[in-house]
Amino acid sequence: MKAVVTVVGQDKAGIVAGIATELATHGVNILDLSQTIMSSTFTMSMLVGIAGEDSFNEIHAALKEKGTAMGVSVHVQREEIFDAMAHI
Amino acid sequence: METTQIEETIKMVEEDNFDIRTVTMGISLLDTVGGSVQETAQNIYKKITTYAKDLVAVAEQIEREYGVPITNKRISVTPISLVAGSANEEEILLLAHALDDAAKTVGVDYVGGYSALVQKGFSHGDLALIKSLPRALTETDLVMSSVNIGSSKAGMNLDAVKLMGETVKKITDLSDTANAKMVIFANAVEDNPFMAGAFHGVTEPDVVINVGVSGPGVVKRALDKVKGQSITTVAETIKKTAFKITRVGQLVGSLAAERLGVEFGIVDLSLAPTPARGDSVAEVLEAIGLEQVGAHGTTAALMLLNDAVKKGGVMAAQGVGGLSGAFIPVSEDAGMIDAVKAGTLSLAKLEAMTSVCSVGLDMIAIPGETPATTISAMIADEAAIGIQNNKTTAVRILPTNGTKVGDMVDYGGLLGTAPVMPVVEKSSAAFINRGGHVPAPIHSFKN
């Protein structure tokens with residue numbers, strides 16, 4: 001399954017590295033990535049490939065924990081939700 | 001995929017309180033009728049705990065994967081009066097307890113369908129159920145009830161209207177809050193996923209998943225962006241927003257049905273408020289241009305809102321049903337509470353609003369000393385609006401003993417708090433005590 005990881009928070013060194021390392025540890029492949037900084041707020045969206053439901057839950061929990069540790073807000077959501085809302 | 005779309009979706013949940021209000025599993029109990037009430041109660045418990053055993057877990061997993069909260073997981077069942085057989089008012093309580101026990105075992109928030117449909121007259125089971133209501137609603141925790149007393153085809157059962165006014169009073173004598181678990185309908189719908197009025201109609205499939213979406217906060221934010229523009233733009237904006245919200249309901253419902261291996265029924269696209277600020281239908285009406293809800297123009301704004309929500313949602317879902325529109329419960333909506341407190345919103349205006357929205361007089365506190373016949377007359381007025389205009393109307397009114405006009409009553413959680421509203425003190429008793437049947441209205445010559 002494909003999921004979208006979004007990270008929002010105060011910009012500082014190591015956010016991309018922290019999230020990407022966490023993903024790599026769980027064997028998650030990053031398929032696409034977009035990142036901007038607007039008036040010192042860091043925003044990143046990543047499209048990632050995840051093996052199945054069990055690994056989704058594991059990765060979801062790991063990234064949430066990582067986000068809390070780094071002081072940024074992290075969301076992990078399956079991509080269908082965005083398609084459903086924006087496309088007929 | 002555009003990052004703006006991703007941001008918009010996340011904002012809807014994080015900032016605008018968007019949620020799937022409920023995933024409701026409808027379960028037919030027609031095959032649970034046994035040779036005795038005890039046997040029926042056992043069969044009911046068994047059927048619910050079999051079919052709904054994974055409902056909560058599946059809904060929670062969907063929440064996690066898609067990042068959209070599913071606030072309630074619920075069950076609706078066949079109106080219990082239909083499966084009660086020859087049970088008397090004491091025995092039928094066994095079925096209420098079976099529902100309550102089953103709901104607790106599977107971990108859902110509510111079970112709806114302790115109901116009777118009496119628009120044309122009472123069966124033995126209907127009367128037993130209605131008489132058992134004060135005890136059923138105070139002895140159980142999760143059981144919700146509804147009684148349908150009128151329809152556009154059958155007219156209005158005035159005997160039932162009288163009986164329900166008395167029942168509301170009896171419930172009040174046992175509990176300040178139990179009336180929040182009971183709705184008195186005209187033209188009740190059979191696939192409604194919202195409580196307290198959900199039941200599983202006899203024409204429905206054996207087991208079905210229905211979904212109720214909400215999101216007044218999302219509509220309000222969208223309207224804030226078109227301030228000062230024409231009312232045509234307002235209608236278009238609401239339609240587009242309702243479309244997006246409903247698409248999420250469609251996705252969640254179809255996923256839940258697939259994972260539970262049951263049929264997907266309908267999406268009910270209702271704007272259902274909660275007491276949280278920013279999750280209010282009153283605030284949507286105010287964003288359309290009213291200084292406060294209850295001002296002249298409120299009925300017109302609500303008509304536009306209700307209609308645009310339906311139009312936007314209809315295309316977004318494979319099946320639309322339930323009540324679908326805007327809810328205007330007073331105690332559950334911060335903006336409504338403010339307007340009542342300020343004296344802007346009266347019971348008379350609320351009644352007018354119910355002629356153009358999806359439900360009726362909902363979650364309204366009135367003084368405890370209000371006579372039963374006055375409550376019956378309020379039910380009759382509301383039913384008349386529904387019966388004459390081919391729409392659902394409902395009454396969920398909360399007399400509270402020991403309170404006077406202006407007092408605040410706290411119902412807890414999603415049910416919120418309500419200011420006690422004044423009712424007209426002149427008597428309606430001679431009208432209600434006539435009893436009998438109000439004939440169905442003629443359906444042509446509509447002027």
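Between chain B and chain A of this predicted model, six residue pairs, both members at pLDDT 80 or more, are in polar contact. A polar contact is a pair of N or O atoms within 3.5 Å; within protein, one atom must be able to donate a hydrogen and the other to accept it, and residues adjacent in sequence count only if both atoms are side-chain atoms. On the side of chain B that touches chain A, the elements giving two or more residues are helix H1 (3-14), helix H3 (55-66) and helix H8 (231-260) of chain B. Helices (H or I, at least four residues) and strands (E, at least two) are DSSP runs, numbered from the N terminus. H1(B) supplies eight residues, the largest share of this side. By type, the residues of the side of chain B that touches chain A are ten nonpolar, five polar and seven charged. Here Ala, Val, Leu, Ile, Met, Phe, Trp, Tyr, Cys and Pro count as nonpolar, Asp, Glu, Lys and Arg as charged, and the others, Gly among them, as polar.

Residues are numbered from 1 along each chain as its sequence is written, and chains are lettered from A and ligands numbered from 1 in the order in which they are written. As the model is predicted, local features need pLDDT of at least 70 and side-chain atom pairs count only at pLDDT 80 or more, while totals for chains, interfaces and linings use all residues; side-chain values use heavy atoms, with hydrogens and water left out.

In total, 22 residues of chain B are in contact with 23 residues of chain A, contact meaning heavy atoms within 4.5 Å. The size of an interface is often given as the accessible area lost when the parts come together. Chain B and chain A bury about 2,100 Å² between them, with 66% of it on carbon and sulfur atoms; buried area is the accessible area (1.4 Å probe) that two parts lose on being put together, summed over both. One salt bridge is counted between the two chains, a salt bridge being a side-chain nitrogen of Lys or Arg within 4 Å of a carboxyl oxygen of Asp or Glu. A salt bridge between the side chains of A:Arg78 and B:Glu65 has an N to O distance of 2.6 Å.

Over all chains, the structure holds 24 salt bridges. Side chains of opposite charge can pair when their charged atoms come close. In chain B, a salt bridge joins B:Asp338 and B:Arg277 at 2.9 Å, N to O. This pair links distant parts of the chain, 61 residues apart: B:Asp338 lies in helix H11 (residues 334-341) of chain B, and B:Arg277 in the loop between strand E8 (263-269) and helix H9 (281-288) of chain B. B:Asp338 is partly exposed at 28% relative accessibility, whereas B:Arg277, at 55%, is exposed. Buried means under 20% relative accessible area, exposed over 50%, and partly exposed in between (1.4 Å probe, protein chains only).

Other salt bridges lie within a helix. B:Asp224 pairs with B:Lys220, the closest N and O atoms being 3.1 Å apart. These two residues are four residues apart in helix H7 (residues 216-224) of chain B, and are therefore separated by about one helical turn. Both B:Asp224, at 38% relative accessibility, and B:Lys220, at 24%, are partly exposed. In helix H10 (residues 298-314) of chain B, B:Lys311 and B:Asp307 are also four residues apart, about one turn of the helix, and their side chains form a salt bridge of 2.6 Å, N to O. Salt bridges that share partners join A:Arg78, A:Glu80, B:Glu65 and B:Arg259 into one network.

In chain A, the buried residues of helix H1 (residues 15-25) are A:Ile15, A:Gly18, A:Ile19, A:Glu22 and A:Leu23. Seen down the axis of H1(A), these residues fall within an arc of 130 degrees, so they line one face of the helix; the arc is that of the directions from the helix axis to the C-beta atoms. The face turned away from the buried side of H1(A) carries the exposed residues A:Ala24 and A:Thr25. Among the elements covering the buried residues of H1(A) are strand E1 (2-10), strand E2 (29-38) and helix H2 (53-70) of chain A. Just after H1(A), A:Gly27 takes a positive phi of about 70 degrees.

B:Ser358 lies in the loop between helix H12 (347-353) and strand E9 (361-367) of chain B and is buried, at 6% relative accessibility. A polar atom of the side chain of B:Ser358 lies 3.0 Å from the backbone oxygen of B:Ala326.
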